[in-house]
Amino acid sequence: MWYLCVFYHRLLDYRKPEVESLAQLFGATEDPQNDDLPFQLQWKLPLHYHTDSPFHFVNLPSEQLAHDIAARSILVKGMYELWGEGSSYEELKESVLSYPDERKLPYLDSDSTFKITVDGFGKVISLEEQKELIQGLSYIPFKGRVKLRNPDHNFWLIEVDNYGGNNGLPPIVQKRIFFGREVGGADRKLIPTYQLKSRNYLGPTAMDAEMAFLMANQALATSGKLVYDPFVGTGSILVAAAHFGAMTMGADIDIRVVRDGRGPDCNVWSNFKQYGLPTPVGLLRADNNLPPWRSTLKEVFDAIICDPPYGVRAGGRKSGGRKLLRGAVEPYTVPDDKRTDHIPSTAPYSLVECVHDLLDLAAKMLVMGGRLVFFYPVLREDDFAEDHFPEHPCFKLISLSEQILSSRYSRVLLTMVKTGPYTEEIAEVARIRHIEFKENHVKWLEDGNLHSAVFSPADGQLTEAGDTKVIKDPKPKYRGKYV
């Protein structure tokens, strides 16, 4: 059945992948006739609407599935059984009256309670106008009792203004009016509850709460699954996974973060206690370049979610130190009496090496069908060249979502699913691909250093005197991927 899916108008590239991931989590299956294709739902747009519109139709097999997706989703505002739509209220009336009575009457009986909510996108509707619009629905034979709090059925009248109202949509969007029954709505208290400004323990790279929950949804985090973050930091991503019931485990190369924090009551563990969540199974001081796992240990984690260090807010580090890596000093053993307070020396860890190690770790440690979800940076002028994104023979890329952070730099959330077993032969193929990827990656960095691209003045122009004059980007006609 087709449902009207209304999104929040932000993070546009993330919306459909999240819904499709949640549909798979809650039991929707892939096409049995074509197992090679990634799972996808059927989508369509209202008449004359742009793909950036928050209004989409999605075909789902059951109302329960629509309810479950809306209740857990971060970017879905609501799912609705559409009773009618039109470009005017006369067209809306004809559409509602033509909707089958057998679909409407069970929700209009005298034993039920109901509420009608009037909402506008791109315009403000006053209380007086809302009352008039609700009274204009008198052609619908409501027999139940009005109840504003927790009614049995919640109906929505949604009016979308045209582009002349500057509603943040492209010019082709025209005025449209929707009326339908709410099947499921978002938990609007979730993000305010977990917002970073109230978090007990924070670091400079703490993941935004909304994005952390999106990543957890992409990874299908749920009760009974074990989720691992090899760059755990202050634990923001694992907090989101734990909220959905998953067991969590993390690692970080900085022992001061995972062991000490800022004291016994301000550390990674305290972030979980703050929200009454189960604490992680374990937090390790571990190096992604030299993982601590036994060589025979495989297929442990159901998902790996992380934000690798790519040199914008923090650079990557690996064990060794410059002198050790250059061979200037021999490997050493820390005396027993100094191990408690010893902080191992580290050396710079390039992005391309970091991602290769991450893919190798995931290929070995994820169960079949497990998901790897991580961010990867791009310079926007490169227009998503294929050789900018890492790959591995064990994985299939199922979604790619861009978030624009500046005029020249964006980060892309990659979601991969493990489709093949890890073997020594596969590892060798992956190593060869890594060498090819590294060559392309170096060329990419030569074209524009990522750190410089982010922190240098964007779109600067030199004046005759040689001074840099920063010209602000013109305000976009609609918000697009910037939201």
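The largest cavity of this predicted model is lined by Tyr228, Pro230, Ala251, Ala286, Asp287, Asn288, Pro291, Pro292, Trp293 and Leu361. Its volume is about 50 Å³, and the structure holds three cavities of 30 Å³ or more. A cavity here is a set of points, on a 1 Å grid over the protein atoms alone, where a 1.4 Å probe fits but cannot get out, and lining residues have an atom within 4 Å of a point. Local features need pLDDT of at least 70 and side-chain atom pairs count only at pLDDT 80 or more, while totals for chains, interfaces and linings use all residues. Residues are numbered from 1 along each chain as its sequence is written, and side-chain values use heavy atoms, with hydrogens and water left out.

**Cavity and pocket**

- Eight nonpolar, one polar and one charged residues make up the lining of the largest cavity; Ala, Val, Leu, Ile, Met, Phe, Trp, Tyr, Cys and Pro count as nonpolar, Asp, Glu, Lys and Arg as charged, and the others, Gly among them, as polar.
- The largest pocket has a volume of about 1,000 Å³; a pocket is an open set of grid points with protein on both sides within 12 Å along at least five of seven lines, and a volume is the space filled by probe spheres set on the points, which are joined across faces, edges and corners.
- Of the 48 residues lining the largest pocket, Thr205, Gly233, Asp252, Pro309 and Ala314 lie nearest its centre.
- Elements giving two or more residues to this pocket lining are α8 (236-243), α9 (255-260), β13 (316-319), β14 (346-349) and β17 (409-418), with α9 giving the most, three residues.
- By class, the pocket lining has 23 nonpolar, 13 polar and twelve charged residues.

**Whole chain**

- The chain has 14 helices and 19 strands, which are DSSP runs (helices H or I, at least four residues; strands E, at least two) numbered from the N terminus.
- Buried residues make up 47% of the 483 residues, where buried means under 20% relative accessible area (1.4 Å probe, protein chains only).
- Of the contacts with a separation of 6 or more, 73% are between residues 24 or more positions apart; contact means heavy atoms within 4.5 Å.

**Cores**

- The largest nonpolar core has 97 residues, and Leu60, Met79, Met215, Ile304, Leu372, Phe374 and Tyr376 have the most contacts inside it; such a core is a set of buried Ala, Val, Leu, Ile, Met, Phe, Trp, Tyr and Cys residues joined through side-chain atoms within 4.5 Å.
- Helix α12 (residues 351-365) supplies the largest share of this core, ten residues.
- Apart from this core lies another of 18 residues, including Tyr99, Ile116, Ile125 and Leu137.

**Helix α7**

- Ten of the ten residues of α7 (residues 209-218) are buried, so this helix is largely enclosed by the rest of the structure.
- At its start, a side-chain oxygen of aspartate 208 reaches to within 3.2 Å of the backbone nitrogen of glutamate 210.
- Just after α7, leucine 220 takes a positive phi of about 60°.

**Histidine 56**

- Histidine 56 sits in strand β3 (residues 55-59) and is buried, with a relative accessible area of 1%.
- A polar atom of the histidine 56 side chain lies 3.2 Å from the backbone oxygen of serine 53.
- Histidine 56 and proline 46 are ten residues apart in sequence and 6.7 Å apart in space, C-alpha to C-alpha.
- Leaving aside neighbours within four places in sequence, histidine 56 is in contact with residues including Tyr3, Phe7, Arg15, Trp43 and Pro46.

Conventions
Buried means under 20% relative accessible area, exposed over 50%, partly exposed in between (1.4 Å probe, protein chains only). A polar contact is a pair of N or O atoms within 3.5 Å; within protein, one must be able to donate a hydrogen and the other to accept it, and residues adjacent in sequence count only if both atoms are side-chain atoms.
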